[in-house]
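Please examine the sequence and the structure shown here before reading on.

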Amino acid sequence: TVNSRLKFDKHIALIVHKAMSRCRLILKCFHSRNATIMLQAYVTYVRPILEYCSSVWSPHCKYLIDKIEKVQRFFTKRLAGLHIMSYCNRLKSLHLQSLESRRLIHDLVLCYKLLHDKSDSSITTTLNLCRNITRGHSYKLSERLCTTDVTKFYFSNRIVNVWNRLPNSVVSSPTVAVFKKRLIDADLI
């Protein structure tokens, strides 16, 4: 769902509403608050709603990022023994990542697939490889000049800086599985 100004606010509101409804249903149906069981239910039934096709609609505004993160914050707070912990500490103890960092990883994996011809998508034409590379890896991307926020935060522009900071060992991985494994060890900030 996109509005006339190419914003995904309504879409994000809809998926957050659907995910929160599903969270409440899980919390209502399961009598146990065992973190392992509840986390498995969350990962299986809620998180896919919040991550489906996120490379298309991934928000850049803080209020939308917080709105999405609120779902995971809500759910993890209701698990046994975690309600007094801060959100960051809950994520560490549950071995979870924030939804924002998961969206970034999804974007990087998609970029890898597009640049290494491991995807059937035609979006490859929107990714511009740098012509003159003096430092870094041989898959460096160049940013397109954008005058509006609409194009500035498209997938093909928002991924450039993070992608270009990745080490050559990560970017030149032989398979997607190896790329994902090396990406976890890389510093994305």
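E51 and R47 stand 4 residues apart in helix α3 (residues 47-51), so about one helical turn separates them. Helices here are DSSP runs of H or I with at least four residues, strands are runs of E with at least two, and both are numbered from the N terminus. The model is predicted: local features need pLDDT of at least 70 and side-chain atom pairs count only at pLDDT 80 or more, while totals for chains, interfaces and linings use all residues. Residues are numbered from 1 along each chain as its sequence is written, and side-chain values use heavy atoms, with hydrogens and water left out.

**Salt bridges**

The structure contains 4 salt bridges, a salt bridge being a side-chain nitrogen of Lys or Arg within 4 Å of a carboxyl oxygen of Asp or Glu. The table lists some of them.

| Pair | N to O distance |
|---|---|
| E51 and R47 | 4.0 Å |
| D66 and K62 | 3.2 Å |
| R158 and D107 | 3.0 Å |

E51 and R47 are both buried. Buried means under 20% relative accessible area, exposed means over 50%, and partly exposed lies in between (1.4 Å probe, protein chains only). A network of salt bridges links R47 and E51 with R102.

D66 and K62 are both part of helix α5, where 4 residues, about one turn of the helix, lie between their positions. D66 is partly exposed because its relative accessibility is 31%, whereas K62, with a relative accessible area of 58%, is exposed.

R158 and D107 form a salt bridge through their side chains. Because R158 belongs to helix α9 (residues 155-158) and D107 to helix α7 (residues 99-115), this pair ties together parts 51 residues apart in sequence. R158 has a relative accessible area of 21% and is therefore partly exposed; D107, at 3% relative accessibility, counts as buried.

**Packing of two helices**

How do helices α5 and α6 pack? Helix α5 (residues 62-77) and helix α6 (residues 87-94) meet at an angle of about 70 degrees, and their axes are 10 Å apart. Axes are lines fitted to C-alpha atoms, for helices over the stretch in contact, and angles run from 0 to 180 degrees between N-to-C directions. The two helices are therefore roughly perpendicular, a term for angles of 65 to 115 degrees.

On the α5 side, E69, Q72, R73, T76 and K77 meet Y87, R90, L91 and L94 of α6, where contact means heavy atoms within 4.5 Å. By class, this contact of α5 with α6 has 3 nonpolar, 2 polar and 4 charged residues. Ala, Val, Leu, Ile, Met, Phe, Trp, Tyr, Cys and Pro count as nonpolar, Asp, Glu, Lys and Arg as charged, and the others, Gly among them, as polar.

Methods
Parallel < 35°, antiparallel > 145°, perpendicular 65-115°, else oblique.
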